[in-house]
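Biologist: Could you walk me through this model, beginning with a sheet and then turning to the cores?

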Amino acid sequence: MADRGSRTLTWLGGARGHLFQVVMLGLVPAIFLGTLAIIARVADTLSLQAAGTQVEALARMAAAIHDRGLESSREALAALANDPEDDECGSHYRHFLLAIEGHEGFIRTDSTGHARCSIGLGRDITWLTQGPHIRRAIESGNFTVAPYELLDDGRAALPMAYPILDWLGTTRGVVVTARSLDHLAKAVAPPILPEGARLLVLKSDGTVLARVPALPESAPAVTPVPELKEAAARGTGGSFTATTITGETSVFGIAPLGRMAPEAIVAVTIPVEKLGGSEREFLRMAVIAFAVAGSGAVLLLWFSSRRLLFLPLGRLADAMRRVRAGNMAARTGGGLGEVGEMGTTFDAMLDALNEREVWLKDSEDRFRATFEQAAVGMSHATPDRRFIRVNRRFAAMLGYTPEELIGRPTLDVTHPEDRDLGVPEIAAMIRGDLQSFALEKRFIRKDGSAVWVNLTLSALWREGRTEYLIGVTEDIERRKQTEAQLLAAKEQAESASRAKSEFLAGMSHELRTPLNAIIGFAETMYSQVLGPMPDRYREYAGDISASGRHLLGIITDILDLAKIEAGRMELDDRTQDVAPMIEATLRLLRERGTAAGLDLRVELPPGLPQILADERRIRQVLINLLANAVKFTPFGGTVTISAAPTPDGGLEIRVSDTGIGMTEEEMAQAVEPFVQVDARIARRHEGTGLGLPMVAAIMEMHGGTVTIRSRPGQGTMVAVTFPPRRVFAAAVVEC
C-alpha cells in the first residue's frame, strides 16, 4: 500500500503528472462549470415543481375550507327548515346568522316562492328569491344550489335553498341563504397565503368571482390568462407556470371546488420572483466566479448547492409526504436560500393551518351548541342505524339521557309495528338516489309508552359515501290526539246530520199530505162550494188556507234542503235562457215591491249566454234573493238585478239592494240554516232563515258559487256565479 502511494506521488510529480494536472486544471473548471449550470437548472426546475406542489396543496386546502363552510351552511338550513317555531324569523335564525359567518341572510318562503319572513345584516337580500334554486327545491323537495352570483358590491355569493316539508312530505316552502366568499378570504388570509401570493375563485367560463388580496386597479371580470382560463374550463387540479394579469411570471396551483359548486375552481398563484429570485442570481454569479476561481469554487458551489438545495428540498419533500399522509406536525426546519425560504413558508403555512383547524373546531363547537339547543329533536345515526349523536331534546322525548341512546340501534326505541317504515327510503339515501324524506312513526319511551313523532331524515355525504344519517324529530302526540278527537267528532256530526237529513227527507209524504188536505178543505169552505156560511167563518177559512200555504212553503224548503244534504235531490238540467227567468221572477215580486215603495230595476246586457241548469231550482234561487232584498230594504229604496259574463267564461247574476246591510259576522250567519242574523229583524220580518242556505245548496249542486258583500246601513249585494262548463253562447235567432 505504501509503495502504491509512493508511486502515485512520483507519477504526479513527473511530466505526465504535470501534464495531467494542467489538463485537469483546464477541464475541471469547465466540467464543474457545466455541472453547476446543470445543477442550477435542475434546482430551478425542482424549485418550480416544489412551488407548484405547494400552491396546489394550498389550493386544495382552500377548496376544502370552502366545502366545509358550505356544508355547515347546508346543515344550518336543514336545522332551520325543520324548526316549527321560526315562522316569524325568531332568535333561532339570528343565532345561526351570527354563529356561522359569511351568510348574507336567511329568507323563509311559502310554497309559491314568495318571501314570508327574512333576516339579514343590513343589506338588501330580496335577490335571494329570484334564482332557479327555489323552484327546484320546491319541486324536488331537495336541497339545491344556484351558480355563484356577483353582487353589486363586487363580492360573490352562492345561493342555496332547503325545502320545508310538512308531516305529509309536501313542500310548504323553503329556507334560502347565500354564502359569500368572505369566509374563504378570511380563512386563507396571511399567514396561510405566503407573501406575494394571491388566491382566485373562478367559474368555468373564466369569470373571476373573488381575488384575495384584491388588485389595486380595476381588473377584468374574465381572466386574461389563457392557461388559467383553460384550467377553469377543465375543472381539474394541477399546477403550471404562466404570466399573470400583472405581467409577472408566476406559478399557479388549481383545485376544483366540491359538489356544491361544481362549476368553480380555486387557483393560488405565487410570482416566481418571490420564490427566491435573488438566490438564483447568486447561483448564476457563482457559476461565472467558478470559471475564474477553478475547482475550489466548484467544490464550494457544490457544497453550497447541497446545503442550500438538496438537503432543504429533501426535508421539504419528506415533510410534504408526511402531511399528505395526515401528519400535520411535520416540519422542514427551515434552512438557507430560496428552498429554505420555501421550507420556512411551508412551516408557517402548516402552523397557520393548524390554527385554522383550532378555529374550525371552535366553529364546530358553536354548531354543536346550536345542535344541542335546537327546539326540535335532532340525532345522527350510522348507515346501519345506530345512534352516534343525539341532542337533549330528542332524548327527553323518549325519557332517556343522551348517553343512554348513543350506540344503541334505532330499532330498539322504534314501535314494533313501525320498524319497517322508511327502510326503502333509507336504502335509497345511502345509494345517493334520495336526498331526504319525512314520515310519521311511533317511538317507544323508556317507560314503555308510545309517542307519535314526525321524523325527517337526510344523509350527509363525504368522499362519495354516506357518513351518517341526520334525523329531525318533532313530537306530534298532541296533534295525533287532536286529530283522533276531531275525526270522532266529525263522524258523530256526519252521522247525526245524515240521520236528520234522512228523517226529514222521509217525512215529505207524511207532512205534505195532511197539509194539502187542510189547504183543500179551507179553500172549499172559503169558496162556499157546499153552501153559504157566515162571513166570519169564511174569513177564518181564508186565513187557514193562507197559513197552510205558508207552512207548506216552509216545509217544502226544509224538505228540499234535507234532500240536498241527504244527496237525494237530482237536477233536471236543460239549456235555459237567463233573461226570461229573471223577468218572470221580477214580475212575480213586482207587486210586493211596489207595495213596499221600492224601485225594482233590471240591468241585462244584450246577448246573454245560455246556461245548463234546473229551471225550477234556478227560479227558486232568484225568488229567494229578490224576496230577501225586498224584505230588508226600507221604503223608497232600490233593488237591482243584473247579469253579466265573467272573465273566465262563466256567468254571474247579481241582486243588489240599498237595505239595512249586514256585518261580517252576520254574513257568516246568513248562510247557516234556520239562523236569523238579528233577533230584532226577526221580529219585524217573517222568515225561517232558509233562503240563503237554500241558494248556496242549489248553486253548489250546479257547481257554482255564492258571494255576499254587505255593510251595515249601505245595502247588500249577493252574486251567484255559474261555472264555464254550464255556460253556452247565446242562441242566434234569425228574423
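Biologist: In what order do the five strands of the open sheet come?

Modeller: The order is β18-β20-β21-β23-β22, with mixed pairing; strands here are DSSP runs of E with at least two residues, helices are runs of H or I with at least four, and both are numbered from the N terminus, while two strands pair if DSSP finds at least two bridges between them. This is a predicted model, in which local features need pLDDT of at least 70, side-chain atom pairs count only at pLDDT 80 or more, and totals for chains, interfaces and linings use all residues. Residues are numbered from 1 along each chain as its sequence is written, and side-chain values use heavy atoms, leaving out hydrogens and water.

Biologist: New topic: how many residues are in the largest nonpolar core?

Modeller: That core has 70 residues, and F106, L199 and V201 have the most contacts inside it; a nonpolar core is a set of buried Ala, Val, Leu, Ile, Met, Phe, Trp, Tyr and Cys residues joined through side-chain atoms within 4.5 Å, where buried means under 20% relative accessible area with a 1.4 Å probe, protein chains only.

Biologist: Which helix gives the largest share?

Modeller: Helix α2 (residues 15-81) does, with 16 residues, and a second, separate core of 36 residues includes L608, I611, L651 and I653.

Definitions and conventions:
Buried < 20%, exposed > 50% of the residue type's maximum accessible area, 1.4 Å probe, protein only.
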